[in-house]
Amino acid sequence: MLTRRLFLEMAGAAATLRASFAAVPDEGLRAIAARRGILYGCAAATYELKDSTFAAALAQEAAILSAEYEMKRAAIEPVRGSYDFSGGDGLLAFARAHGMSFRGHTLVWHHSNPPWLEDALQSADAEAFLTNYIAAVAGHYEGRVTSWDVVNEVLQPQDGRADGLRNSFWLKRFGPEYIDLAFHTARSAAPHAMLVYNDWGCELGAPDNDRFRAATLKFLDDALARGVPIHALGMQGHLSAFGTQVDQKKLSAFLEAVRRMGLKILVTEHDVDDSGGPLDVAVRDRAVADASRRFLDVMLDNPATIAVLTWGLSDRFIDPPGWRDRLAGRYPRMLPLDSDCARKPMWRAMAKAFA
Ligand code: G3I
């Protein structure tokens, strides 16, 4: 016979259990993801923080930030030898004020460099232009940047090299060794930061992506065998709602191979391009949400995945499309919040994936 006390105790326990499962109505993705031990956040730009509606949404949704452009070399060293950290420092201050981590993007890339750099690399002491920059920037943010995209997008199997490397001006000047040098220099300057190799191309299911995944595994395996201090793979996560889709089986097998190397995995720039779809916003939003959910379900199924960042948070700041699309009223809807910073089906799909 159930005593009254026991009945009340069981009722109380059931209510507590229900409350713990019931999502708090307005909690952000940062809280939902944190319950699964995942850091959710996004790239942000200085001009976006000036928008108070957006800044409030950012504080509620993100637990980690990366700089959209402020920590690229074009922004930090526009004039040779003089560093301007103001952009990155401003974003870092916002992150710290809102209890967010901060990740560095990116130390070495073939885009977004100051116009004087490629000429400077023709000089005899060219290596100094690589190592001094990394030491200065990683040193400036030491202890405040939790992970660095040390090199970004160095693979391009279509360039025809056996090692699958992109034939960039960095490779042409220094050979493949520039990658090892970059990681070792970053390690010395920022001994507490997680060092990440960041790229795009492993996400989808096409033959080109098979080739990219194979090249990535070979690149990582060989680098680790040489003792290069790579701690994690950054997968940018740029998807398409109406183009080539993720092959969940292929992606899952790839992630397991990366995990077995002892590497962590971060989704660093997730968004879902909705071009090529119908005008109907509801159809596009649903396709974007489904693509995001199919991708994140696989990414989050692997215990090596520690963070998911979207490349922006709101559609408000996405570059406007060409005039034809503008005339048709077709604006990109690639991110979790719409241009009014309201939550979209993609936000709900991500919340379900995290939960
Ligand atoms: O430099 C100006 C700055 O002085 C000005 O105050 C600011 C505000 O308008 O604009 C800055 O200009 C542009 C900046 O985007 C604005 O966000 C830069 O000229 C322009 O080069 C920069 O483009 C960025 C691009 O990387 C190159 O850095 C894009 O926003 C950014 O979305 C794109 O992101 C890349 C990732 O880093 C790597 N993966 C692919 C991804 C998408 O292309």
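Me: What should I know before we start?

Reply: This is a predicted model, in which local features need pLDDT of at least 70 and side-chain atom pairs count only at pLDDT 80 or more, while totals for chains, interfaces and linings use all residues. Residues are numbered from 1 along each chain as its sequence is written, and side-chain values use heavy atoms, with hydrogens and water left out.

Me: OK, the ligand. Which residues come nearest to it?

Reply: There are 13 residues around the ligand, and Glu-68, Lys-72, His-105, Glu-269 and Trp-311 come nearest; a residue is near a molecule or strand if one of its heavy atoms lies within 4 Å of it.

Me: How does that shell divide into nonpolar, polar and charged?

Reply: The shell has 4 nonpolar, 5 polar and 4 charged residues. Here Ala, Val, Leu, Ile, Met, Phe, Trp, Tyr, Cys and Pro count as nonpolar, Asp, Glu, Lys and Arg as charged, and the others, Gly among them, as polar.

Me: Switching topic: where is Asp-180, and is it buried or exposed?

Reply: Asp-180 lies in helix α10, residues 177-189, and it counts as buried because its relative accessibility is 16%. Buried means under 20% relative accessible area, exposed over 50%, and partly exposed in between, with a 1.4 Å probe and protein chains only. Helices (H or I, at least four residues) and strands (E, at least two) are DSSP runs, numbered from the N terminus.

Me: What is Asp-180 in contact with?

Reply: Leaving aside neighbours within four places in sequence, Asp-180 is in contact (heavy atoms within 4.5 Å) with Arg-226 and Val-228. The side chains of Asp-180 and Arg-226 make a polar contact at 2.7 Å, although these two residues are 46 apart in sequence, with their C-alpha atoms 8.6 Å apart. A polar contact is a pair of N or O atoms within 3.5 Å; within protein, one must be able to donate a hydrogen and the other to accept it, and residues adjacent in sequence count only if both atoms are side-chain atoms.

Me: And Arg-213, buried or exposed?

Reply: Arg-213, in helix α11 (residues 207-225), is buried, with a relative accessible area of 6%. A polar atom of the Arg-213 side chain lies 2.7 Å from the backbone oxygen of Cys-202.

Me: Last topic, strands. Why is β3 called largely enclosed?

Reply: Strand β3 (residues 101-108) is largely enclosed by the rest of the structure because 7 of its 8 residues are buried. Strand β2 (residues 64-67) runs parallel to β3, joined by 3 bridges, and β3 pairs with strand β4 (residues 147-152) in the parallel sense over 4 bridges. Two strands pair if DSSP finds at least two bridges between them.

Me: How many residues of β8 are buried?

Reply: In strand β8 (residues 264-273), 8 of the 10 residues are buried. Strand β6 (residues 232-235) pairs with β8 in the parallel sense over 4 bridges, and 4 bridges join β8 to strand β9 (residues 305-310), also parallel.
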